[in-house]
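Please open the structure in your viewer and keep the selection tool at hand. The tour moves from one selection to the next and says what is there at each stop.

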Amino acid sequence: MDEAEVAVSIDPLVHQQGSAFFAFLRRAAAKHSLRLCVSSNGPGQFTCSISRKETEKFDLFLQELMLNHGLYYYLCSLRNRREIARLVVRPIFQELLEFSCEFLYPSLIRRNVLEGSGGWVAGEFSDEMARRYETLFWRLKLKMISNYEFIRDLDDLLTEFMLRRLGYKKGQKSLKFNQLVDECGKQNIIWEKEIRKRFNRVHTLRTHGLHRLEREIPDSEISQIALQVYFAFEYVNDYFEAQSKRAVVLSGKRYRRVRFGNEIRHWNPPTPDTFKIRWAEIITRPCHDCGVRRGELHLDGCDMETCPRCGRQYICCDCERESEEDDFEVPEADATIQLSLGLSVGDPQTKPSS
Ligand SMILES: [Zn+2]
Ligand SMILES: [Zn+2]
């Protein structure tokens, strides 16, 4: 077989937007004399194929899209770009990146590494729990475990994750799974309602499986869960990375980053008193863009962060940035970081969400 295929599924409600994005990718690929074939086999279901002879070209094409901010410019042309980025561009691009990764790091190698003593394959996350999920994710992708085994291990991992984040000690009596999820919601640990719903769904699938009633879980549901939980752990990872990066070097000087809630004295120009009152109310809620709470550091690319040097919006001020030694580069992670940065740059107004 000289065609390599990847199946991508997105929310059926944004099928049309998915087709439009694939059309854009096809046109862009043609400029690299790369032939990208896309077909659809149902709402939200796409199959993308390339010739195996062109895998290197395909990889270069994806890299160039990232380097040229191609996705950002594509999104700029759309009205509801935040939503399209989240529901269409991100899942599709992530899938294509993984697809190209399989050529560069053939599954056999990954499999071998995963079966080794450490059980961890080098990936993009640095946080321990996120890394453990990443390993689980790859075990599923490489079909080393069944769908039910994935759900079982994921249920254990999510339970441990929530217990740890809520500060439970080993052996301490804990709440039921759904109560843990609620508590994590209240404490802003899992701030997206959608993700909380997914967590509960994982637990339901697991308990059904315990009674052997329902161990057959369709691939489509599993891959949706796997991807969404992947993004949830990506957030966890980015959150901890953001909290550990306390200072930045700007125009040759080191500054402490401004925490959410501490920005008023940094603002330039100073704000009118009327807005200060409104701001005091805004900071009682999580950051509308990145979800952190008052006193925490914003995630990379958040449009609410204030620059500690000039007092303007950090993502688009003119202060000269120097990269920190602790910054490391992972090609896959780059795409998502650039994507979120690009999005925020294009949407500078601060609008608190409820
Ligand atoms: Zn933020
Ligand atoms: Zn600045």
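**Before you start**

The model is a predicted one, in which local features need pLDDT of at least 70 and side-chain atom pairs count only at pLDDT 80 or more, while totals for chains, interfaces and linings use all residues. Residues are numbered from 1 along each chain as its sequence is written, and chains are lettered from A and ligands numbered from 1 in the order in which they are written.

**The whole protein**

With everything displayed, you have 12 helices and six strands in the protein; helices (H or I, at least four residues) and strands (E, at least two) are DSSP runs, numbered from the N terminus. Of the 354 residues, 27% are buried, where buried means that 20 or more other C-beta atoms lie within 10 Å of the residue's own, against 12 or fewer for exposed and partly exposed in between, with C-beta atoms placed from the backbone. If you take the contacts between residues at least 6 apart in sequence, 66% of them join residues at least 24 apart, a contact being a pair whose C-beta atoms, placed from the backbone, lie within 7 Å.

**First sheet: select 3-9, 37-40 and 45-51**

Here three strands form an open antiparallel sheet in the order E1-E3-E2, and two strands pair if DSSP finds at least two bridges between them. At the edges are E1 (3-9) and E2 (37-40), each of which pairs on one side only. Neighbouring strands of this sheet are turned by 20° against each other on average, direction ignored. E2 and E3 (residues 45-51) are joined in the antiparallel sense over four bridges, and Val38 stands opposite Cys48 in E3.

**Next, Phe93**

Select Phe93, which is found in helix H4 (residues 81-104). Phe93 is buried, with 21 other C-beta atoms within 10 Å.

**Two helices: select 128-141 and 147-165**

The axes of H6 (residues 128-141) and H7 (residues 147-165) come within 11 Å and cross at roughly 175°; axes are lines fitted to C-alpha atoms, for helices over the stretch in contact, and angles run from 0 to 180 degrees between N-to-C directions. H6 and H7 are therefore roughly antiparallel to each other, a description used for angles over 145 degrees. On the H6 side the contact is made by Met129, Arg132, Tyr133, Leu136 and Leu140, and on the H7 side by Phe150, Asp153, Leu154, Leu157 and Phe161.

**Helix H10: select 219-244**

H10 has 26 residues and reaches 37 Å from its first C-alpha to its last, close to the 38 Å expected at 1.5 Å a residue, the expected span being 1.5 Å times one less than the number of residues. Among its buried residues are Ile225, Val229, Phe233 and Tyr239. What covers the buried residues of H10 includes H6, H7 and helix H9 (193-210).

The last stop is an open sheet of three strands with antiparallel pairing, in the order E5-E4-E6, whose edge strands are E5 (253-256) and E6 (321-322). E4 (residues 247-250) pairs with E6 over two bridges and with E5 over four bridges. Click on Leu250, whose bridge partner is Arg321 in E6 and Lys253 in E5. In the hairpin of E4 and E5, which has two residues between the strands, Ser251 takes a positive phi near 45°.

How values were computed: Angles under 35 degrees count as roughly parallel, over 145 as roughly antiparallel, 65 to 115 as roughly perpendicular and the rest as oblique. Two residues are in contact if their C-beta atoms, placed from the backbone, lie within 7 Å.
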